[in-house]
Amino acid sequence: MDGLKVEGLKKHFTIGGGFLGGKARKVRAVENVSLSVAPGSSVGLVGESGCGKSTASRTILRLEEPTAGRVTFDGIDVASASPAEMRRLRQRMQFIFQDPYASLNSRRSIRKTLEEPLKVHGIGDPAERRARAEAILSEVGLPRDAMERFPHEFSGGQRQRIGIARALVLQPDLVVADEPVSALDVSVQAQILRLLDDLREKRTLSFLFVSHDLGVIRHFCDTTCVMYLGHVVESGPTQEIMDDPAHPYTVLLRQSSPIPDPANRVDPPRIAGEIPSPANPPSGCPFHTRCPRAIAECRESMPATKEIAPGRQVACHLF
Amino acid sequence: MTRYIIRRLLAAIPTLLAMLTMVFVLVRLVPGDAAMAMLGDQASEVSLAALRAKLGLDQPIGVQYLAFLRDMLGGNFGVSMSSGRPVLEEVARVLPYTLELTASAILIGAIFGLPLGMVAALRRNAWPDYLSRILSLTGLSFPGFVSGILMLLAFAVYLRWFPVMSTASDNFVDHIRNLALPALNLGLIMTAYITRVTRSSMLNVLGEDYIRTARAKGVPPRRLILRHGLRNALIPVVTVVGLYFGTLIGNSVLVEMVFTRPGLGKLILGALQARDYTLLQGLMVIFASFVILVNILTDLIYAVVDPRVSYS
Amino acid sequence: MTALLDIRGLTTEFRVNGHWHAAIQDVNLSLAANETLAVVGESGSGKSVTALSALRLLPQAGARIARGEILFEGRDLAKLSQRQMAKVRGDEIAMIFQEPMTSLNPTMTVGDQIAEVLMIHRGMSHGAALKEARDLLDEVRVPDPGRRITEYPHQFSGGMRQRAMIAIALACRPKVLLADEPTTALDVTVQHQVLTLLDDLKRERGMGVIFITHNLGVVAQIADRVAVMYAGEIVETADCTRLFANPAHPYTEALLRAMPRVDRRADTLEPIPGSVPSITARPAGCHFAPRCGYVRPECGHHPALGPISGAGGSDHQARCILRAKAEEAAWTV
Amino acid sequence: MTVVSEPIPARKPNVVLQTLNRNRLSWVGVGLLALILLSAIFAPLLAPHDPLQQNILHRLEGPSPEFWLGTDSYGRDVLSRLLYGTRVSLLVGFLSVLIAMTVGSAIGIFAGYVGGMVDQVIMGLVDVMLSFPTLLLGLMVAAMLGASLENLIIAIAITETAPFVRIARAPTISAKRKEYVEAGRALGFSPLRIMGVHILPNILSDIVVVASLWMASAIRTEASLSFIGLGVQPPTPTWGGMIREGFENILSSWWLVVFPSLAILLTVLALNILGDALRDAIDPKLKGES
């Protein structure tokens with residue numbers, strides 16, 4: 001049992017092409033992602049929009065076919081699994097989505113939503129499936145009378161609970177959560193984070209947790225990987241990364257994240273420019289166009305990933 | 001922009017080829033074959049064989065197909081079986097009448113439809129809106145020949161303002177009098193259509209964030225509606241009117257029949273009655289090419305109105 | 001300090017299923033020159049409605065200002081005609097919005113959109129206005145402004161569009177800027193750039209800024225004063241430093257404890273149970289009572305916004321019976 | 001301890017009924033349609049005369065107490081023919097749209113879900129189909145197949161299949177990107193299950209609403225083809241055929257064209273009103289959240 005291992009994952013998309021689309025362009029959404037999620041641990045994948053964190057999480061669960069790289073779960077190769085193997089794997093690896101409004105089928109009752117996965121995977125008889133659906137519903141904090149209702153009758157936070165229940169009904173070992181609290185208000189966000197905390201402890205779940213919010217990552221994850229333009233630029237224990245970021249991008253991200261403390265207003269380096277398009281990434285280190293500490297080397301070659309402390313890795317020429 | 005035009009023209013090539021293939025298949029699906037359909041069941045084997053040889057139907061299907069493509073792409077649409085004149089010549093003779101009719105219909109539709117649609121959107125859920133919605137729904141419910149007949153009854157038979165039958169005439173006033181009823185008939189259907197599309201498009205635009213931005217800038221109401229609203233609302237209107245062109249041509253066939261006007265409609269009906277398959281085949285190809293051409297034009301107009309299209 | 005903009009007792013109502021419901025109720029806000037007032041709240045708190053009401057930008061059907069005054073330099077904006085109001089908008093009071101992607105007209109060049117404000121309010125010629133637009137883009141730090149004014153919004157990135165929006169808003173040197181979640185749709189590194197820009201511009205021009213946001217972190221970074229809104233009402237208002245150091249209203253306090261922080265280990269995340277009541281289902285007494293940890297029987301009465309006990313010389317006010325000064329523990333029914 | 005969520009709010013009322021109620025015009029459409037449907041079903045009971053019975057003594061008579069809507073050139077009762085004509089119009093309209101909808105939606109959902117080359121080829125063909133004006137395509141097909149009820153239905157169904165491919169494909173593509181479909185894939189559901197159980201019910205309302213508008217169009221096309229002489233052949237009464245026959249006597253006997261014209265107009269109008277109201281009901285922009 002060695003959990004999830006991802007090595008050198010790549011995912012490129014082609015956009016345009018065809019007769020009207022003009023020249024086809026390659027979008028390098030995920031360039032180089034390596035990480036591992038040990039059983040029972042929680043790994044955060046953090047970055048800004050367009051960094052490829054969401055694509056990476058989808059590709060790991062093979063909702064997208066990877067372009068290159070290796071994904072294994074307890075030693076089983078996910079990328080080359082046969083349809084039958086994949087079905088078995090899907091029971092063990094589940095996904096929680098960002099948008100509580102779009103992630104539930106509005107035409108299906110909560111009962112159907114929760115029982116359908118069991119039925120498709122041939123688990124239990126109708127009575128057992130019903131019992132399991134009811135158990136999971138109360139586990140995520142929803143009353144039993146929610147069972148026959150439809151998604152539009154619930155608030156955003158409640159829908160997110162249903163989405164979590166659907167992911168957990170197959171009793172997976174690993175949950176990939178893509179921005180599970182970003183669409184929620186702060187007060188409800190805390191409810192869902194607390195629920196995930198509880199579930200993680202009770203079921204010894206491991207999590208790959210994708211978010212743009214450093215605060216949420218700090219709260220939820222043991223280990224953090226920082227992504228920029230398809231690359232993991234820094235990874236290590238969450239607390240060390242937040243309190244002592246090494247990569248210039250992590251420093252910028254950390255200092256730009258607002259802190260609810262007016263006595264502690266920070267003034268990070270005033271860098272110009274925004275994130276380049278993954279369809280046209282810069283040469284060398286992807287961050288050199290915005291990096292306040294860039295040197296000539298950064299324009300020319302992609303820095304290798306180095307271990308700067310036990311468990312801490314940085315991809316930067318300055319280290 | 002030039003590159004966009006070239007790209008759009010290239011994209012039409014497979015559509016054109018597929019269209020030609022479909023016409024080819026369709027004509028060959030006729031029970032029996034075209035020769036039998038033309039000469040009837042009673043025809044002798046000898047005359048059938050002669051006609052088949054003339055039409056090239058005795059050749060293998062692949063050879064027939066290539067010959068068909070070569071002819072059509074070269075603009076050689078064959079000779080009408082019934083009149084003996086080249087198909088292209090037949091079409092060229094009546095095309096101006098149909099074009100005149102459809103162009104006037106679009107013009108009338110734009111002149112009345114755009115303002116009506118805008119007023120309906122701006123006075124949403126007030127009486128001008130209800131009135132324009134009921135009128136446009138009614139207009140859309142008329143098959144072209146039904147409204148034509150009713151107009152013919154009212155204005156030509158009872159009021160006698162216009163002639164019942166069109167007659168060829170070089171006199172300009174007569175010409176307009178002949179055109180007036182059929183053009184008005186199609187024009188009103190077009191008005192109904194444009195009113196409806198303009199209304200819904202304008203309503204969508206008025207709900208956009210950039211209209212709020214313009215209000216926050218202090219843009220006065222008139223400028224807000226024309227500069228920020230209408231320009232953006234026109235984009236879908238252009239597309240939809242372009243897509244409607246095929247239906248408009250279909251309607252014009254019926255209208256030409258009701259008003260006994262010369263035009264493509266009359267030509268088609270004649271070809272149907274005479275079972276003139278070369279003429280029908282040529283007409284199908286010409287009609288479909290025309291619609292494809294209008295679609296291209298629509299896309300190009302779209303690209304002019306909407307900067308997002310040609311730049312990307 | 002005299003107030004530049006003084007909103008008094010503002011109540012705005014929406015029509016829901018044929019009945020009028022107050023979206024915001026009895027809102028009082030005052031803004032001085034060279035001041036950033038943050039209005040913070042969750043969705044449904046009424047913070048955006050407050051700003052849209054102040055500029056009279058709510059849709060004419062289905063929304064109305066029921067009561068209250070919007071005093072701008074002594075004039076009551078609530079009483080102006082739409083035509084008079086259009087003269088104020090974009091000239092003396094400007095506004096920027098949350099969605100930079102959809103808030104610009106897609107079929108007009110960015111230069112024309114900036115120039116338009118100057119042509120309307122300053123009567124400038126198109127050429128002069130375009131030249132000014134170029135300078136404004138430069139001022140909001142858009143690189144290569146000469147080329148950029150000829151481009152369309154879809155050629156701009158999100159952050160650049162928000163800068164263009166700011167250029168439009170600031171073109172006529174307004175005295176008040178209403179910023180409705182201007183950085184919410186942006187990434188944090190870009191958000192920081194835009195916040196810094198807004199702060200610099202405010203200082204240079206001495207503008208009053210009302211900054212609407214749901215993010216307490218952003219509030220702490222930029223605000224001079226803060227008003228916290230919940231379910232259509234202001235529940236607490238104080239100096240920024242004071243509010244974060246001593247939150248008085250149970251809602252503010254709970255919100256701060258529910259927020260995961262990047263700067264400290266937060267094993268103590270405390271959720272607020274339940275969710276914000278909808279506009280049609282607000283409780284009769286204190287709106288926060290059903291979710292409040294300190295709730296008492298008195299909370300069935302609707303509390304007034306008043307000075308808190310221990311406010312000292314500050315104007316720290318809260319809408320809570322438990323935190324009010326003993327002698328002023330009044331409530332309205 | 002798990003944090004328990006707040007109580008669930010009450011159910012929301014049915015959106016479609018609500019909109020129908022709000023839009024009073026739509027009840028006019030529903031009423032008209034019911035009336036038309038009833039006259040089609042009970043035509044034998046309602047018709048005062050045999051629609052095929054010729055009567056030399058009563059040729060081309062105007063409306064009278066005995067022949068409410070007059071008689072045609074064979075002395076047949078116009079009202080009776082009109083009532084029986086309803087059957088052909090509704091049958092052709094309904095069946096052709098049903099065929100077009102079933103075939104078109106299946107192709108559209110498949111093309112939209114599978115995507116890629118398959119999608120491009122299918123949509124290319126659809127574009128070609130759409131480049132033939134509907135009426136002309138129907139005209140050609142009907143002319144080639146020969147005029148009969150079945151062939152008329154097939155001809156109209158063929159012309160309306162391509163639009164349904166488009167109508168079904170667009171929401172399929174947006175549904176495919178929705179997270180609930182991705183969730184289905186993450187849970188290991190088969191593509192067939194996702195298309196049939198998760199996508200179809202969600203886009204069905206889009207399709208059905210448009211179907212009522214296309215049924216209006218089918219009835220229009222049927223009338224037009226009958227008017228041209230390519231519809232169901234005489235002596236079977238059809239509205240378009242009645243107008244065709246009456247058109248010869250338009251100068252003297254207005255009732256022969258006016259009443260069938262009104263019948264077509266009212267039927268098409270009723271379907272359009274209903275389709276419009278339903279479309280408003282499901283349009284998320286007009287409905288607000290959820």
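Which residue lies over the face of A:Phe220? A:Arg200 does, at 5.6 Å from the ring centre. The legends below describe close-up views of a predicted model.

**View 1. A:Phe220 and its ring partners.** Ring pairs link A:Phe220 with A:Phe207 and A:Phe209 into a cluster. A:Arg200 sits over the face of A:Phe220. A:Phe209 is also among the residues with the most contacts inside the largest nonpolar core.

**View 2. The largest nonpolar core.** This core has 237 residues. A:Ile164, A:Phe209, B:Met19 and B:Phe145 have the most contacts inside it. Helix α9 (residues 191-228) of chain D supplies the largest share, 15 residues. A second, separate core has 76 residues, including C:Ile70 and C:Met207.

**View 3. A stacked pair between B:Phe145 and D:Phe227.** The ring centres are 4.3 Å apart, with 10° between the planes. B:Phe145 lies in helix α7 (residues 144-158) of chain B and D:Phe227 in helix α9 of chain D, so the pair joins two chains. B:Phe145 is buried at 0% relative accessible area. D:Phe227 is buried too, at 1%. B:Phe145 also touches B:Leu254, B:Val258 and D:Ile264, among others.

**View 4. B:Tyr193 stacked with B:Tyr244.** The ring centres lie 3.8 Å apart and the planes meet at 20°, so the pair counts as stacked. The two residues are 51 residues apart and link distant parts of the chain. B:Tyr193 belongs to helix α8 (residues 172-206), B:Tyr244 to helix α10 (residues 221-258). B:Tyr193 is buried at 18% relative accessibility. B:Tyr244 is buried at 10%.

**View 5. C:Arg64 over C:Trp20.** C:Arg64 lies over the face of C:Trp20, at 4.0 Å from the ring centre.

Notes: Residues numbered from 1 in each chain as written. Chains lettered and ligands numbered in written order. Predicted model: local features only at pLDDT ≥ 70, side-chain atom pairs only at ≥ 80, totals over all residues. Heavy atoms only, no water. Core = buried A, V, L, I, M, F, W, Y, C linked by side-chain atoms within 4.5 Å. Buried < 20%, exposed > 50% of the residue type's maximum accessible area, 1.4 Å probe, protein only. Helix = DSSP H or I, 4+ residues; strand = E, 2+ residues; numbered from the N terminus. Contact = heavy atoms within 4.5 Å. Phe/Tyr/Trp six-rings, centres within 6.5 Å; stacked < 30°, edge-to-face > 60°. Lys NZ or Arg CZ within 6 Å of the ring centre and 35° of its normal. Lists of a residue's contacts leave out its neighbours within four places in sequence.
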